[in-house]
Amino acid sequence: MTEHVVIVGGGTGGTVLANDLADRLDAELDAGDVRITLVNDGADHVYKPVWLYVPFGQREPEDGRRPLDELVDDVVDLQIDRVTEIDTEAQRLRFDGTAPAVDYDYLVLATGSTLEPERIPGFAEGGYNYYSEAGSTALRDELLEFTEGHLVLSVIGTPHMCPAAPLEFVFMADDWLRERGLREDVDITYTYPIQRVHGNPHIAEWARPIMDDRGIGVETFFNAESIDPEAKTITSMEGTELDYDLLVTIPPHGGIDPIEEAGLGDNGWVDVDKHTLEAQAVDNVYALGDTADTGVPNAGSVAHYQAGVVGQRLASEIRGRPPTATYDGKTLCFIETGMDAASFVEFDYENQPSPAPPSEKLHWSKLAYNESYWLTARGLL
């Protein structure tokens with residue numbers, strides 16, 4: 001009998017896993033003992049970190065797009081569809097439209113994060129964000145014309161993709177405005193929903209002095225509740241109101257509805273064992289990347305490392321062996337501290353991050369990785 005592995009989500013985690021399994025299960029695929037299907041709701045793979053650079057004219061949105069069928073091994077069946085139901089009892093997926101249901105033996109959910117701006121009144125009309133392709137280009141157009149006033153970056157809700165990106169934006173905006181001779185005419189304020197500037201206390205402790213030194217204002221414990229685009233104000237649940245001339249927001253994030261409807265976890269995130277990445281509620285289901293509720297950052301490096309663990313575990317199960325591979329929480333991240341300098345952190349469940357001193361070398365290392373990312377997606381790095 002052919003074992004069917006279905007991966008839902010063609011982002012970093014899903015794409016890396018599909019290629020990992022294609023290589024790891026080469027013999028079984030050739031023999032017809034295994035079939036791999038990758039389901040994604042669009043034909044393109046999107047490398048979202050590119051969007052951080054678009055508002056500053058450093059990248060174009062198309063730099064972060066490649067057709068999935070060019071990245072995924074030919075032995076993988078690629079299905080472009082939107083999953084509308086996950087039936088874990090029957091081990092079956094149903095789709096939007098007329099596509100027939102698909103049965104699975106093993107299911108991996110790598111559906112990532114979705115933006116939910118509608119949760120904040122006035123969001124769509126009042127602010128800009130670079131967490132989407134359209135948002136990043138709209139912010140670029142606005143930022144190029146912005147020469148004076150109050151720039152506010154507000155992180156609205158956690159968790160969110162790329163936890164360091166809000167810090168990166170204000171560091172880059174500060175440097176970019178200085179290079180153009182505009183910084184004295186622009187005030188920058190950064191808001192965060194808890195009592196520090198980042199979810200990880202060690203990164204927050206590192207970042208705050210840099211912000212203070214550069215004159216970047218900080219409002220912590222600021223949980224944005226509404227935006228008034230006519231008055232140009234953003235108000236928090238705590239009662240703080242900020243005036244702005246240019247508002248950059250990190251939208252609330254959520255998972256996909258079928259995950260919660262299937263009883264796999266709340267808010268579209270799958271409750272998993274943080275080491276094995278197996279779903280807590282049912283057998284034969286894994287989750288990785290943003291979709292897996294492990295407590296680690298929603299970062300591409302996390303999805304990459306987790307894909308290798310899930311690939312090893314699935315190969316063992318398919319071969320009738322006990323799976324032994326585990327995920328140790330490994331995360332690494334470059335953090336831009338300006339237009340030509342960056343820091344770097346690496347940590348896991350046991351070891352806390354200690355950001356490296358910013359340097360031009362690390363900045364160029366990040367840019368080099370952005371260029372080589374497509375090799376990672378193909379499973380070549």
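## Surface and overall build

The accessible surface of the chain comes to about 16400 Å². Carbon and sulfur atoms account for 44% of that area. The model is predicted. Buried residues make up 55% of the 381 residues in the chain.

The chain has 10 helices and 23 strands. Its radius of gyration is 21 Å, close to the 21 Å that the globule rule gives for 381 residues, so the chain is as compact as a globular protein of that length. Taken along the principal axes, the C-alpha atoms fill a box of roughly 70 × 40 × 35 Å. Consider contacts between residues at least 6 apart in sequence: 63% of these join residues at least 24 apart.

## The parallel sheet

Five strands form an open sheet. The order is E5-E2-E1-E9-E20, and the pairing is parallel. Strand E5 (77–80) and strand E20 (285–287) are the edge strands, and each pairs on one side only. From one strand to the next, the twist averages 20°.

Strands of a sheet pair through backbone hydrogen bonds, either parallel or antiparallel. Here, strand E1 (residues 3–8) and strand E2 (residues 34–40) run parallel, joined by 6 bridges. Val8 stands opposite Val39 in E2.

## Helices on the sheet

Helix H1 (residues 12–24) packs on the sheet. H1 touches E1, E2 and strand E9 (106–109). The direction of H1 makes about 155° with that of E1.

Helix H9 (residues 300–318) lies across E1, E2, E9 and E20. H9 runs at about 175° to E9.

## Cysteines

A disulfide is a covalent bond between the sulfur atoms of two cysteines. How many disulfides does the model contain? With a cut-off of 2.5 Å between cysteine sulfur atoms, the count comes to 0. Cys162 is in no disulfide, and the nearest cysteine sulfur, that of Cys333, is 5.2 Å away.

Cys162 has a relative accessible area of 28%, so Cys162 is partly exposed.

Conventions: Residues are numbered from 1 along each chain as its sequence is written. This is a predicted model: local features need pLDDT of at least 70, side-chain atom pairs count only at pLDDT 80 or more; totals for chains, interfaces and linings use all residues. Side-chain values use heavy atoms; hydrogens and water are left out. Two strands pair if DSSP finds at least two bridges between them. Helices (H or I, at least four residues) and strands (E, at least two) are DSSP runs, numbered from the N terminus. Axes are lines fitted to C-alpha atoms, for helices over the stretch in contact, and angles run from 0 to 180 degrees between N-to-C directions. Contact means heavy atoms within 4.5 Å. The radius of gyration is taken over C-alpha atoms; the globule rule is 2.2 Å times the number of residues to the power 0.38. Buried means under 20% relative accessible area, exposed over 50%, partly exposed in between (1.4 Å probe, protein chains only). Accessible areas come from the Shrake-Rupley method with a 1.4 Å probe; for residues, only the protein chains shown count as cover.
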